[in-house]
Amino acid sequence: MAAEFEGVTVVDHPLVQHKLTIMRDAETSTRGFRQLLRETAALICYEATRDLPLETVAIRTPLAPMQAKKIAGKKLVFASILRAGNGLLEGMLDLVPSARVAHIGMYRDPKTLQPVEYYFKAPEDLSERTVIAVDPMLATANSAVAAINLLKSRGAKDVRFVCLLAAPEGIRRFRAAHPDVPVFTAAIDSHLDDHGYIVPGLGDAGDRMYGTK
Ligand code: PRP
Ligand code: URA
């Protein structure tokens, strides 16, 4: 990655890139989009959790006792930025079914491009857990920055951010606001248009997922 995008991992696995292309295609159905987002989320989650610490525990297989590895510490928290974050959340929970879940209700005012918060519910002990915030689109990054601010204000210290698509403008803003939060994405697109949409992007992720608009 260029130094400008330090802290950003682009998951360029062929399966991720293949599924992303189908999601970008305006002809893809709502059902197809939702399914592909779920599948892709699991693959990105695999990379975002690659460095989780392990501990050794004593178990007994049907043949012998052994020392085996388990993920150390408290259960992860996935923090979904509503609504579109739920599309990623489902796939991440497929991979880590025991994770705790936080919901952050937030929508982007289409005129100001500022996030409007309407809901927040998270486990109490965020300070003791790894928190992975999820939202498919990092456009201006106003929503993601505000969501991470909220999580940190509730005690979160070890935070990661998973998205599907990012704009260079959003990455710069996000990394300036939260340099301690690594970002995992399937692609970094060209730029934002005058309405704050990622180009070429995939359109409005929430609308594509739920068939609204
Ligand atoms: C979309 C997306 C992000 C936000 C990204 O949500 O899911 O939350 O926009 O834009 P930003 O980086 O410029 O803040 P939207 O506000 O459309 O809400 P929705 O998920 O409820 O559709
Ligand atoms: N939100 C979306 O859903 N898509 C974009 O391109 C930008 C913000």
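Helix 2 buries F33, L36, L37, R38, T40, A41, I44, C45 and A48. The model is predicted. An α-helix has 3.6 residues a turn, so residues three or four places apart point the same way. Helix 2 runs over residues 30–48, 19 residues in total. From first C-alpha to last it reaches 26 Å, close to the 27 Å expected at 1.5 Å a residue.

What do the buried residues of helix 2 pack against? Three partners are helices: helix 1 (14–24), helix 3 (85–95) and helix 6 (205–210). The others are strand 7 (130–134), strand 9 (158–162) and strand 11 (183–185).

Next comes the largest nonpolar core. This core has 59 residues. Those touching the most other members are A79, A133, V134, L138, A147, L151 and V162. Helix 2 gives the most to this core, with seven residues. Take A147 as an example. Beyond residues up to four places away in sequence, A147 touches A79, I81, I104, M106 and A133.

Now the ligands. Ligand 1 is surrounded by 23 residues, and the closest are R108, A139, T140, S143 and G206. Two or more residues of this shell come from each of strand 4 (77–82), strand 5 (100–108), strand 8 (137–138), helix 4 (142–153) and helix 6. Which element gives the largest share of the shell around ligand 1? Helix 4 does, with three residues. By residue class, the shell around ligand 1 holds 13 nonpolar, six polar and four charged residues.

Around ligand 2 stand M137, A139, G196, Y197, I198, G201, D204, A205 and G206. Five residues of this shell are nonpolar, three are polar and one is charged.

An unreviewed UniProt entry annotates I198, G203, D204 and A205 as "binding site".

G203 sits in the loop between strand 14 (198–199) and helix 6. A205 lies in helix 6 itself. Is each of them buried or partly exposed? G203 counts as partly exposed because 16 other C-beta atoms lie within 10 Å, and the cut-off for buried is 20 or more. A205 has 25 such atoms within 10 Å, so A205 is buried. Leaving aside neighbours within four places in sequence, A205 is in contact with A84, G87, P136 and M137.

Methods
Residues are numbered from 1 along each chain as its sequence is written. Chains are lettered from A and ligands numbered from 1 in the order in which they are written. This is a predicted model: local features need pLDDT of at least 70, side-chain atom pairs count only at pLDDT 80 or more; totals for chains, interfaces and linings use all residues. A residue is near a molecule or strand if its C-beta atom, placed from the backbone, lies within 6 Å of it. Ala, Val, Leu, Ile, Met, Phe, Trp, Tyr, Cys and Pro count as nonpolar, Asp, Glu, Lys and Arg as charged, and the others, Gly among them, as polar. Helices (H or I, at least four residues) and strands (E, at least two) are DSSP runs, numbered from the N terminus. The expected span of a helix is 1.5 Å times one less than its number of residues. A residue is buried if 20 or more other C-beta atoms lie within 10 Å of its own, exposed if 12 or fewer, and partly exposed in between; C-beta atoms are placed from the backbone. Two residues are in contact if their C-beta atoms, placed from the backbone, lie within 7 Å. UniProt positions are given in the numbering used here, feature names are shortened, and annotations may be inferred rather than shown by experiment. A nonpolar core is a set of buried Ala, Val, Leu, Ile, Met, Phe, Trp, Tyr and Cys residues joined through C-beta atoms within 7 Å.
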